[in-house]
Amino acid sequence: SGVAVYRRWRWGLVGALALLVLAPTSSFVPIVNDVGAERRFYLPLGVLVAGLVVGGDALSGRWSKGRRVGLVLVGAVALVLGWSTQMRNRDYASAIAIWQSAVTAVADNPRAAYNLANRLKETGDAQQAMVYYRQALTLNPDEVGAHNNLSQVLVSVGAAATALDHYHRALELNPNSANVHVNLGLALEWLDRLPEALSHYRRAVELDPASTWARYNLGVALEEDGQPGEAITHYRWALEIDPKMGKAHYRLGLVYAAQGRLSNAAFHLRQALVQTPDHAAAHLHLGQQLSQLDSTESGIAHYRRAVELDPDLVEAHYYLGTELIQAGQTSAALPHLHRAVELAPDLAAARNNLGIALQRAGRRDEAVIQFRRALALRPDYAAARDNLAATLSQQ
């Protein structure tokens, strides 16, 4: 193009203009983080297409049959380009498809393999994600993100011990990554190495005090370590940073409930349900707090919702049945207490309460069976013994 411009050949202008338009984004001012560079060529391509059209028209005009041949060639080119466009659009149909096309085109591109693995991880395809994370690390052993994300996938498939090697390598490469410290803490917690997990969570909070997940996970670990007071501090910090963090509201509600701070517990459990309305366990625990706060009707409503969301949640059936008995709705309580006994045959309290409901429904023989089974499970169960004696005396 340079020679053509120097010699003033007209077609040289086409190449020169295309290169001048392309140069700012590819040479002088490159876009460092641009992972898809095709669009940079859209404007330069306009110059080239215009040059081809004008040149083709000029050539066809010099030949008697040029116009007809030109039409045929244009039709053929349009079909080929239309087909290739359709095929390329398939690559753009999903993030996985576009990154797969990049890996196929350039097999030694670590960034393409890494991003394909990330997309596969997001869709839950752990096995394929591991394949491409390992490919990315083979091409670039110092990619911190690949070490970190491969470790997360390994933990998800139960290979936490193997994941530790990659987490430690990631920290060697970047000791100040709060995210890696948090993830390493999760793996160590999974392996029942709680003191080490706490150390990494604390380090993550030091490195990034505004990390809600670092504070949340540190709070959970502190609860497990028997330090609910400090756990509350970190849950509250997380909520200061992100008031809509439903998980932090839920855990904080449970800690307050364990401490008997019913109003505080109910408030945070309600906030958790604002963020995740279909959280069955949150409905269950909120129902418990409301029942203790003498709001039986509201408690029953939340127990019912918990049962709808998770029909196999034993505690929800048990507490719902118990509350319905206390509300005088014996017939409504029976199905839930029966279900609780089916799900947890060794739950003596459920058998005792089922016996109470059966006794009130006039089904004394069945009630006696349940009281006796409760006593077989817990021989020192005074309430079941008293209920059995009362029912036998009635018989």
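Rings of Phe, Tyr and Trp (its six-membered ring) are paired if their centres lie within 6.5 Å; planes under 30 degrees apart count as stacked, over 60 as edge-to-face and the rest as tilted. The model examined here is predicted, and local features need pLDDT of at least 70, side-chain atom pairs count only at pLDDT 80 or more, while totals for chains, interfaces and linings use all residues. Residues are numbered from 1 along each chain as its sequence is written, and side-chain values use heavy atoms, with hydrogens and water left out.

Trp213, Tyr216 and Tyr235 form one aromatic cluster. The structure holds 6 aromatic pairs. One of them joins Tyr216 and Tyr235, which are tilted, at 6.0 Å centre to centre and 50° between the planes. Tyr216 belongs to helix H12 (residues 212–224) and Tyr235 to helix H13 (residues 228–241), so this pair ties together parts 19 residues apart in sequence. Helices (H or I, at least four residues) are DSSP runs, numbered from the N terminus. Tyr216 is buried at 11% relative accessibility, and Tyr235 is buried at 0%; buried means under 20% relative accessible area, exposed over 50%, and partly exposed in between (1.4 Å probe, protein chains only).

The ring centres of Tyr303 and Tyr319 are 5.9 Å apart with planes at 15°, so this pair is stacked. Tyr303 in helix H17 (residues 296–309) and Tyr319 in helix H18 (residues 314–326) are 16 residues apart, and the pair links distant parts of the chain. Tyr303 is buried, with a relative accessible area of 1%, whereas Tyr319 is partly exposed, at 29%.

Definitions and conventions
Helices (H or I, at least four residues) and strands (E, at least two) are DSSP runs, numbered from the N terminus.
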